[in-house]
Amino acid sequence: MRGALARDAGAVLDDRRVSNGELRFLPGRLTEALRDVLRIAESRGAGAARPAEDRADHQGQGHGG
């Protein structure tokens, strides 16, 4: 399903006749898909492979000091 979303997103963006509603719908679905991907990656331990800087941000430590 997510593969179809990525394919369809390109078609929507290429179509100059697409409505504002369709354009607003697209980022919502893409955001849901990205959340799913991140949740799955973290559950499989991909979080440990992130660069240290990204891990610090994720843990609320932020940058600089």
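Helices here (H or I, at least four residues) and strands (E, at least two) are DSSP runs, numbered from the N terminus.

**Before you click.** This is a predicted model: local features need pLDDT of at least 70, side-chain atom pairs count only at pLDDT 80 or more, and totals for chains, interfaces and linings use all residues. Residues are numbered from 1 along each chain as its sequence is written, and side-chain values use heavy atoms, with hydrogens and water left out.

**Whole chain.** Show the cartoon. The protein has 3 helices and 0 strands, in the order α-α-α. Now color by pLDDT, the predictor's confidence in each residue, from 0 to 100. The average is 79, and 68% of the residues score at least 70. Confidence is highest in α2, at 90, and lowest in helix α3 (residues 52–58), at a mean of 62.

**Surface.** Accessible areas come from the Shrake-Rupley method with a 1.4 Å probe; for residues, only the protein chains shown count as cover. Buried means under 20% relative accessible area, exposed over 50%, partly exposed in between. Of the 65 residues, 11% are buried.

**Helix α2.** Select residues 20–43. α2 has 24 residues and spans 35 Å from its first C-alpha to its last, close to the 34 Å expected. That expected span is 1.5 Å times one less than the number of residues. Move on to glycine 45, which follows α2 and has a positive phi, near 90°.

**Salt bridges.** A salt bridge is a side-chain nitrogen of Lys or Arg within 4 Å of a carboxyl oxygen of Asp or Glu. The structure holds 4. Visit three sites.

- Select arginine 29 and glutamate 32: their side chains meet at 2.7 Å, N to O. They are 3 residues apart in helix α2, so about one helical turn separates them. Arginine 29 is partly exposed at 25%, as is glutamate 32 at 34%.
- Select aspartate 36 and arginine 39: this bridge is 3.7 Å, N to O. These two are also 3 residues apart in helix α2. Aspartate 36 is partly exposed at 22%; arginine 39 is exposed at 53%.
- Select arginine 17 and aspartate 15, bridged at 3.4 Å, N to O. Arginine 17 is exposed at 75%, while aspartate 15 is partly exposed at 28%.

**Last stop.** Select Leu34, Val37 and Leu38, which make a nonpolar surface patch of about 280 Å². Patches are made of residues with over 30% relative accessible area and no salt bridge: like charges are joined within 9 Å, nonpolar side chains (Val, Leu, Ile, Met, Phe, Trp, Tyr) within 5 Å. Valine 37 sits in helix α2.

Methods. Buried means under 20% relative accessible area, exposed over 50%, partly exposed in between (1.4 Å probe, protein chains only).
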